Amino acid sequence: TTKTKRFCVMMWLGRLNTLSKRQELRSLQEVSGRSYSTKSAEEYQKIYQKAYEEATAKMESGEEKDIKEAAKLFREASKGGNLQAMSDLSDYIDRGIIKGDTSEKVSLLTKAATGGWVEAMYQLGHHHVIANNKKAAEEWLTKAKDLGSFKSSVALGRLLLHSRRLEEARALLVDVYDKPIEEMCRTECEPFDEYYSGCECMYWKGLSGDLLGDYYSKFAPDNEKSDALALKYWETEPAADVGGMTYFKIGKAYMEGKGTEVNLPAALTALEASKALGYPCDKQIRECTQRIKSQKE
């Protein structure tokens with residue numbers, strides 16, 4: 001009968017799945033050097049989680065041998081469906097720490113993101129931004145943002161700003177900029193009490209301010225109020241953490257009197273800070289220095 005045939009097919013598929021899991025388990029035992037036994041899906045998840053934790057521990061040594069062993073463990077844990085292993089492995093591949101190609105990195109990210117891993121959603125969105133695939137980038141960054149990822153909000157805001165969807169971009173960036181750093185760290189950082197030493201949240205909060213400064217400088221009505229708001233966002237302390245580009249913008253504003261009165265000493269201080277962070281601004285420093293010298297004469 002039809003019901004009997006359907007039952008036989010389901011039994012056959014179940015047996016194939018069990019055989020596949022057993023093969024994965026044997027492979028994992030060979031890589032990890034441990035002996036495991038399992039009777040349920042939950043126990044398999046624990047096994048792959050253990051493989052992920054061992055891989056992470058081996059990566060901390062930085063030794064080539066340990067990194068190779070970690071790569072095997074990461075891949076086995078990823079095959080077993082461990083989303084965090086997929087996300088971390090793709091990141092190590094992207095940074096060239098573990099050997100792999102772009103197709104493997106994207107495949108891992110796609111599986112992890114589809115499985116609900118928020119960091120993978122952000123990374124996949126970032127990948128599509130670089131590849132200039134704006135539709136896919138917006139889709140994944142929006143999903144991560146909706147799940148509470150503040151850095152995805154900033155990355156999406158930057159994407160929308162560059163796409164001239166200005167008010168959408170501004171709303172996203174203001175939301176992050178106004179968010180207390182403690183709240184951001186409780187969501188994004190572990191452990192929370194380390195944020196004072198300089199965590200990733202400080203960078204993203206700072207970048208939101210930098211981009212808001214750009215919004216008022218480049219896209220808002222060209223007037224003194226917009227220039228003053230741009231300078232305000234650039235000068236906010238977290239925004240300065242973004243790096244030399246922000247200090248350069250501050251220096252130029254003080255040199256040109258945009259949003260403030262001309263203040264050459266303040267301009268020179270900002271430009272020198274920008275140069276110290278690696279931003280090329282020797283020409284502006286020479287010009288500012290010469291103008292200060294001429295004023296004294």
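A contact here means heavy atoms within 4.5 Å. On that basis, residues 24 or more positions apart make up 45% of the protein's contacts with a separation of 6 or more. The model is a predicted one.

**Overall build**

The protein has 16 helices and 0 strands. It counts 297 residues, of which 39% are buried.

**Nonpolar cores**

In soluble globular proteins, nonpolar side chains tend to be buried together. In this model the largest nonpolar core holds 44 residues. Val 154, Leu 271 and Cys 288 touch the most other members of that core. Take Cys 288 in detail. Setting aside neighbours within four places in sequence, Cys 288 contacts Met 255, Leu 264, Ala 267, Leu 268 and Leu 271. A second core is separate and has 25 residues. Its members include Tyr 52, Ile 67, Ala 71 and Ile 98.

**Aromatic rings**

A pair of aromatic rings is described by the distance of the centres and the angle of the planes. The search of the whole structure finds 8 aromatic pairs. Two of them are tabulated here.

| Pair | Centre to centre | Angle between planes | Geometry |
|---|---|---|---|
| Tyr 203 and Trp 204 | 5.1 Å | 85° | edge-to-face |
| Tyr 215 and Tyr 216 | 4.8 Å | 85° | edge-to-face |

Why is Trp 204 called buried? Its relative accessible area is 7%, and buried means under 20%. Tyr 203 has 34% relative accessibility, so it counts as partly exposed. The cut-offs explain this label, because partly exposed lies between the 20% limit for buried and the 50% limit for exposed.

In the other pair, Tyr 215 is buried at a relative accessible area of 7%. Tyr 216 is also buried, at 14% relative accessibility. Tyr 215 and Tyr 216 belong to a cluster as well: ring pairs link them with Tyr 177 and Tyr 233.

**Lysines over rings**

Tyr 177, from that cluster, has Lys 205 over its face, at 5.8 Å from the ring centre. Another lysine, Lys 143, places its charged end over the ring of Trp 140, 4.4 Å from the centre of that ring.

Thr 246 lies in helix α14, which spans residues 244–256. Is Thr 246 buried or exposed? Thr 246 is at 0% relative accessibility, so it counts as buried. Its side chain makes a polar contact of 2.7 Å with the side chain of Asp 210.

Asp 214 belongs to helix α11, residues 200–219. Its relative accessibility is 9%, so Asp 214 counts as buried. Which residues does Asp 214 contact, leaving aside its neighbours within four places in sequence? They are Phe 219, Trp 234 and Lys 249.

Glu 139 is found in helix α7, residues 134–146. With a relative accessible area of 40%, Glu 139 is partly exposed. His 128 is 11 residues from Glu 139 along the chain. The C-alpha atoms of Glu 139 and His 128 are separated by 9.8 Å.

Notes:
Residues are numbered from 1 along each chain as its sequence is written. This is a predicted model: local features need pLDDT of at least 70, side-chain atom pairs count only at pLDDT 80 or more; totals for chains, interfaces and linings use all residues. Side-chain values use heavy atoms; hydrogens and water are left out. Rings of Phe, Tyr and Trp (its six-membered ring) pair if their centres lie within 6.5 Å; planes under 30 degrees apart count as stacked, over 60 as edge-to-face and the rest as tilted. Buried means under 20% relative accessible area, exposed over 50%, partly exposed in between (1.4 Å probe, protein chains only). A charge sits over a ring if NZ of Lys or CZ of Arg is within 6 Å of the ring centre and within 35 degrees of the ring normal. Helices (H or I, at least four residues) and strands (E, at least two) are DSSP runs, numbered from the N terminus. A nonpolar core is a set of buried Ala, Val, Leu, Ile, Met, Phe, Trp, Tyr and Cys residues joined through side-chain atoms within 4.5 Å. A polar contact is a pair of N or O atoms within 3.5 Å; within protein, one must be able to donate a hydrogen and the other to accept it, and residues adjacent in sequence count only if both atoms are side-chain atoms.
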